[in-house]
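Subject: Structure for you to look at

Hello,

I am passing on the structure we spoke about. Please open it next to this message, as my notes follow below.

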Amino acid sequence: MLISGYEIDLERALRIIKRAGVRRVGVQVPDGLKRSAPEISRIIEETGAEVLVSGDPCYGACDIDLQLCSMVDLMVHIGHSEMCESLSDRIVYIEARMPDDVTDVAKRSIGFFTKSRVAVCTTIQHAHTIDSVIEIMRSHGIEAITGGPSPRTRHRGQVLGCCYAAARVGAEEALFIGTGRFHPLGLSMATGMRVIAADPLTGSVEEIDTHDFLRWRYGIIARASDAKSIGILISKKPGQRRCVTAKRLSSLGRSKGRSMLEVYIDRIEPERILDLGLDAVVSTACPRIALDDAPRYSVPVLTPPEFEIALGVRSEYIFDEILDACGEPDST
Ligand code: SF4
């Protein structure tokens, strides 16, 4: 069914709820779809089940409301594809597709490529279009290829802000279908490919330039390199928790004479970080916290590889990725 402009297969969730006689349903929707929560809730309630909606932000399948999950018989998680299989018996993942036609932007991207072999990838909202995009490119003489699924993604060609595994198919150029700049920028930074971003919503087709991003990040790394007290943020969210990485970075910081504090945290927000009184923090949680939200913070927020550069143990910039399905184990 069409909800807020997205095709959402809520019927599948309704079938499961009815078949299993579920009495209490938790609903989690991403922020972009939060306004649809009353409508979704009303539809589910028609099965006779009671509905509890998570009011907390939700950024991905990594971000399951575990507390709500423990209070209900079944969670309906909308907008993302399954990531943590260990949680799957309690959670039904219902993806949200954008119905926009990608044909025009895919065709207009053809002239941008200089190589005959091109990787094609997209986000979950457009993953159902990947085959038609590949077909369009092949009909124009381009050997379009895609990879995946991966431990963190369910669809061929699907990438996340933290995982570009599906794009690593041995090409030097890539076509990204989707909205926003973060994913195509991440794609280029993570793989080193020349990336053309085609946005079916705005109709824009453009080459991604990473120079400004790198200049900006090296400025933040330089600010953090003098920091004496440094926090290592470990996320409570199941698919963002990287305890092994956090411990390794803490040891590294101490070996370089820094005062280190490991901080276990759910919602990473500027006021909470400010209250800790640290000179800088390293986020081992979602890479977007350091890379997308940095202007909101009064202290430098680094990714793990950026921290290594700040300490002088890494010379080359690499993009932070989380490639495990469900974070990392709790201890080394
Ligand atoms: S950790 Fe990955 S999947 Fe989770 S919100 Fe960040 S980019 Fe998305």
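Two residues are in contact if their C-beta atoms, placed from the backbone, lie within 7 Å. Of the contacts in the protein with a separation of 6 or more, 64% are between residues 24 or more positions apart. Please keep in mind that this is a predicted model.

Overall form

The protein holds 11 helices and 16 strands. Its C-alpha trace spans about 60 × 55 × 30 Å along the principal axes. A compact globule of 332 residues would have a radius of gyration near 20 Å, and the 21 Å of the protein therefore agrees with that. Of the 332 residues, 44% are buried.

Helix α7

Helix α7 covers residues 211-224, which is 14 residues. From first C-alpha to last it reaches 20 Å, close to the 20 Å expected at 1.5 Å a residue. Buried residues in α7 are Arg217, Ile220, Ile221 and Ala224. Seen down the helix axis, the buried residues of α7 fall within an arc of 100°, so they line one face of the helix. An α-helix has 3.6 residues a turn, so residues three or four places apart point the same way.

What do the buried residues of α7 pack against? Their partners are β15 (280-283), β16 (301-302) and α11 (304-310). On the face turned away from the buried side, α7 carries the exposed residues His211, Asp212, Arg215, Gly219 and Ala222.

Strands β13 and β14

Strand β13 (residues 229-235) pairs with strand β14 (residues 259-265) in the parallel sense, over seven bridges. In this pairing, serine 229 stands opposite serine 259 of β14. Between the two strands the chain passes through helix α8 (residues 243-255), and this β-α-β crossover is right-handed.

Leucine 175

Leucine 175 lies in strand β10, residues 173-177. Is this residue buried or exposed? Leucine 175 counts as buried because it has 32 C-beta neighbours inside 10 Å, where 20 or more are needed. Leaving aside neighbours within four places in sequence, leucine 175 is in contact with Ser109, Val118, Val120, Ile196 and Ala198. Arginine 223 is 48 residues from leucine 175 along the chain, and their C-alpha atoms are separated by 34 Å.

Regards

How values were computed
Residues are numbered from 1 along each chain as its sequence is written. This is a predicted model: local features need pLDDT of at least 70, side-chain atom pairs count only at pLDDT 80 or more; totals for chains, interfaces and linings use all residues. Helices (H or I, at least four residues) and strands (E, at least two) are DSSP runs, numbered from the N terminus. The expected span of a helix is 1.5 Å times one less than its number of residues. A residue is buried if 20 or more other C-beta atoms lie within 10 Å of its own, exposed if 12 or fewer, and partly exposed in between; C-beta atoms are placed from the backbone. The arc is that of the directions from the helix axis to the C-beta atoms. Two strands pair if DSSP finds at least two bridges between them. A crossover is right-handed if, with the strands pointing away from the viewer, the path from the first strand over the helix to the second runs clockwise. The radius of gyration is taken over C-alpha atoms; the globule rule is 2.2 Å times the number of residues to the power 0.38.
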